[in-house]
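The sequence and the structure come first, and the notes follow.

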Number of protein chains: 2
Amino acid sequence: MPHKEFRDLVDPETAREAVFDLPIPAGTDRVSLQDAAGRVLAERVDATIDVPGFDRASLDGYALRSADTVGADEANPAHLSVVGTVHAGEEPGVTVGDGEAVEISTGAVMPDGADAMVPVERTDRASAEDDESAAGGGSLLVRTSVAPGANVAVAGSDVAAGERALGPGTHLTPREIGLLSALGVETVPVRARPRVGIVSTGDELVPPGGAVDSGRGEIYDVNSYSIAAAVEDAGGEAIRYPHVGDDWDAMESVLREAAAECDLVLSSGSTSAGAIDVVYRVIEELGELVFHGVSVKPGKPMLVGRLGGVGYVGLPGYPVSAMMTFRTFVAPAIREAAGLTVAETATVEGVMAVDERYPEGRHRLLPVGLVEPGPDELNGDVTVEQPATAVDDPLVYPVDRGSGATTSLTRADGIVEFSADRTSLAAGERVTVSLFSAAGGPPSLFGVGEDDPTVSRALDALESPRYLADGSRPALRSLRIGLPDVAVVAGPIESGYDGVELTRFSREWGLLVPDGDPDGVSGLAAVVDRDLRFANRTAASGVRRSFDAALDDLASSTDRDPDALASAIDGYDVAVRAHDGPARRVVAGEADVGLGLRASADRHALGFVPLGDQPVRLLANPDRVEKPAVDRLHRAVDDLS
Amino acid sequence: MPHKEFRDLVDPETAREAVFDLPIPAGTDRVSLQDAAGRVLAERVDATIDVPGFDRASLDGYALRSADTVGADEANPAHLSVVGTVHAGEEPGVTVGDGEAVEISTGAVMPDGADAMVPVERTDRASAEDDESAAGGGSLLVRTSVAPGANVAVAGSDVAAGERALGPGTHLTPREIGLLSALGVETVPVRARPRVGIVSTGDELVPPGGAVDSGRGEIYDVNSYSIAAAVEDAGGEAIRYPHVGDDWDAMESVLREAAAECDLVLSSGSTSAGAIDVVYRVIEELGELVFHGVSVKPGKPMLVGRLGGVGYVGLPGYPVSAMMTFRTFVAPAIREAAGLTVAETATVEGVMAVDERYPEGRHRLLPVGLVEPGPDELNGDVTVEQPATAVDDPLVYPVDRGSGATTSLTRADGIVEFSADRTSLAAGERVTVSLFSAAGGPPSLFGVGEDDPTVSRALDALESPRYLADGSRPALRSLRIGLPDVAVVAGPIESGYDGVELTRFSREWGLLVPDGDPDGVSGLAAVVDRDLRFANRTAASGVRRSFDAALDDLASSTDRDPDALASAIDGYDVAVRAHDGPARRVVAGEADVGLGLRASADRHALGFVPLGDQPVRLLANPDRVEKPAVDRLHRAVDDLS
């Protein structure tokens, strides 16, 4: 059986159905009412009691015989004698006879003899002192006539004993909890949450909280935790099985244990031949292989089989691939087994912001981000035949960090799925986005730009912003095609830009050295001419652009070749993404000099050799200047800078 | 301070703001990653490590020096020597020199000396046996040229140490859990869920599971459970405080205890003067009254104050009023305190199905149900200026059972709020419905009609149907105005009807008597002429219509007055809603004879005196015949009848 993979790729629809057809044998739980919200009723619940259980006064007023009120009105009230009182929660100690009335509270039991009640607002009462004719009561003027049954909820009028109350499959929200309470139900039978075992495979995975040895290529286990959370979102109960390392016997026993204890078993990233062989062996002994390989990107290596009475799905290893494959193929089956509506997966309609082309037609799951366009941005811009149904359809852009990046997870809001017969999507085309989260939607703000400490703190003041700290160059490129709401650009700008400058502030950049400057780094020349290990920033960053400009200046003032200066720097090519990265390398003793901001030097108590000031510009997309979050960021930056 | 109520009603907007301004002092929790999904990040999380932590191979293939591949292509491959292997999770034991390559797995550490990698698909390898020139390796043909860094994820390229990873207020979904895992984070600081105390007040309330004494007017406590579930929905932690009965000292101490232990205290239905006095006293001693009375219906008696450092809201007592008031005024404040987006309250646009008029302009919260219209049903039918933005906008109808009925909770899907300057809503008018549940939406089927055991079982086969067993007459009325998808009508139909008859079946009705028929009830005449206690059905039911028709026949055949026959029956006016109700009364010994179906007699092992067969018709709304759930119900009824 080994190495069937990719011989016969199944098509995505077949794969979806095959996962849907896996046995996921979830049963029934009985839970108390306070634990029942969010669960799904396993069986029909019929009322076993009448609600209300007695004829009940609907208002505060007087219980009486309706016949005694015939013809009564404001001008000609009926005169009755008050013969007693009934409060809610007490048994009437009195009977209503002809010409009599009983004071009654909302919710109280109607006394025998009375067939209706009149609200207190339609009566007047003479006190007992004024009128001693009635024992303990007094006389009552009733200024309206009422029909039999008026203002009385008769027993069983809300729900009658024997009536169907809730059907099987009912999703229990606070309202159903209320109805079940009214029926006196203490525990309810609910669909059990399918137990989904998640087996961590991969020699290099370390659980969060443990220590990773980067030299050995260890990384933290992402999928066990993200897929577990996604399983719970889909109505399942996630059970993580311990990391199994490269001991194949141990892995085999964990798979068997999970198959025995769970209703579905998942693993991800069993890329090594040894792991795949173990999975094959266990499937062969306990069940059968359904397929291995789907014609979809990503997700091609998906492996589906049966382990005895339960299903098994092997997901891809890269986090965003695993998540997309789970959402697309596995979550619907778990939802179904949990009794949830499969269709509850939230989708939004959106409009492609950019063209997207592919070299070959493949069924694809494209991770996408959403951004809310400006008020007039989409007018006349939608290319397909349908009119824009809602002015606030979001713009949709592909997340292109690659499936290996864990940040792709948080940069994407959902998935656009498209079939193998398409090789491109055009800007302006309408697409359906399957959201990762039901409460998902565009972030309040979408920004791209420099990793800057002031901007970072300003973002803390906003609700759900998305800011991609990819650097100043990518920010300008992205702003050129109108994608982000704002771009944050630091350092020199060679040519014009397409944004509206909202504000700018200045930041000091220079060289970071250990406290006390043991190497006596006086300026740029020291880095070039001396044997010091340097930590650089990436070319996308504004600090690097200022640094390179300074290097050019040094070259021309000393009549040297700029490239030669750069090559003379030990570590010029060791560039880090974060503004704080070089400082951390200096602190760790991995570099003697780092490129960075005074803010980093201060934060890490490092020495700082200033090389200049550079402007940091907050540029707005001209179509989005009016967006509230753009204004909030502008104000927050001004407050902090 | 007592009895300030209703002197100065505040307007709804002021009330909403006042509740929003109450102190709800929720703090911060630290939770493990597996418990963090669904929570809200309390503080910003910056990366403390690089991800990946090392230069990482992105594919399976060969690590090499890019310079060695210059000019290589399919026709002119570069020839390299394979000098070792690196798997994921192991430290490279080899260095790559000029003309050398190292076999490398996806995710493995790039060995020193290599600056790029080539995927295995672009290479060919001679095995070691064929080529003994390389120690433990063999020769490799590389059929492409690569740039420095190709297919390598450099350390920190995903997330760099020091980079902002997630901002405060981030809602933690499976994707954020994934990113936090990648950063090795084991526990995260999250916003604490506000602790919301729910104090049950009312002498007549019994917790579900206890025994109610209907003679004393006891009922099950609904609001403590439904509001608790709604509190959890809004992101709070609900804490129910024990029922306090009519002991005012005990109630006072429970209020004080809740104020000391919680971030917000709620009660509902403190209708008795004693309870209100206690609330006033505690508020006066611990804090201050903010207002008592809002100009909104329902919700007028809402009482808001401060109990020391926390807020207090007294909700109305009727379940649907309590729920609507909670949703409208209190839930937004809890969401805000929990760090959730206030605007996450789900709304849908809909179209009024019927006219709704009010005698006076009052700000109103109208409980409404939703029903999905047929495909062409709304064309040209929407009266307001906006075009129909979506063909599937639901129809919206008021739920008119009254706020005292607990079934109003499950008959309604949401609330339409409208202001005091309106006294009517017209059919066809577009309205915004604030949904009770985020996952809410129209039920799959909306039916009205007879309480029938066959139909009830057929409904079990449908996903999320709504069926109001209000009887045959209301069903015909409702179908006339085109509201439900289907009507189930039993017994004779006097005039024409407006539906399409999908199917009909026959059911046997008659008299239910104790097993063995101790009273020797031979037929209808016995009920009229003898001193037997009778349990009737409501006039809305089809069985009752057949019974009344039979009584008319008996009257004319015996030359008597039909009304006189009816009055001669002891219990003719004691009518119950459910088809099973009379049988239950006979079983309980509360009646000697009941009106009902043979199915009820069989179910309860009662004797049955057949009086006739009656048709049960499944009628479809002509606009909704094509609705899938209508067809499913039709088939289910046919299968069962």
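In chain A, the charged end of A:Arg544 sits over the ring of A:Tyr572, at 4.6 Å from the ring centre. The model is a predicted one.

**Charge over a ring**

- A:Arg16 also places its charged end over a ring, that of A:Phe329, with 5.6 Å to the ring centre.

**Aromatic pairs**

- Over all chains, a search of the whole structure finds 6 aromatic pairs.
- One of them joins A:Phe534 and A:Phe547: the ring centres are 5.1 Å apart and the planes make 20°, so this pair is stacked, the cut-off for stacking being under 30 degrees.
- A:Phe534 belongs to strand β33 (residues 534–537) of chain A and A:Phe547 to helix α11 (residues 542–558) of chain A, so the pair ties together parts 13 residues apart in sequence.
- A:Phe534 and A:Phe547 are both buried.
- In chain B, the rings of B:Phe534 and B:Phe547 have centres 5.1 Å apart and planes at 20°, so they too form a stacked pair.
- B:Phe534 is part of strand β32 (residues 534–537) of chain B, while B:Phe547 is part of helix α11 (residues 542–557) of chain B; the pair therefore ties together parts that are 13 residues apart in sequence.
- B:Phe534 counts as buried because its relative accessibility is 4%, and the limit for buried is under 20%.
- B:Phe547 has a relative accessible area of 0% and is therefore buried.

**A sheet in chain B**

- Six strands of chain B form an open sheet with mixed pairing, in the order β16-β13-β17-β20-β19-β18.
- Its edge strands are β16 (237–241) and β18 (287–292) of chain B, each of which pairs on one side only.
- From one strand to the next, the twist averages 20°.

Methods
Residues numbered from 1 in each chain as written. Chains lettered and ligands numbered in written order. Predicted model: local features only at pLDDT ≥ 70, side-chain atom pairs only at ≥ 80, totals over all residues. Heavy atoms only, no water. Phe/Tyr/Trp six-rings, centres within 6.5 Å; stacked < 30°, edge-to-face > 60°. Helix = DSSP H or I, 4+ residues; strand = E, 2+ residues; numbered from the N terminus. Buried < 20%, exposed > 50% of the residue type's maximum accessible area, 1.4 Å probe, protein only. Lys NZ or Arg CZ within 6 Å of the ring centre and 35° of its normal. Pairing = 2+ DSSP bridges. Axes fitted to C-alpha atoms, helices over the stretch in contact; angles between N-to-C directions.
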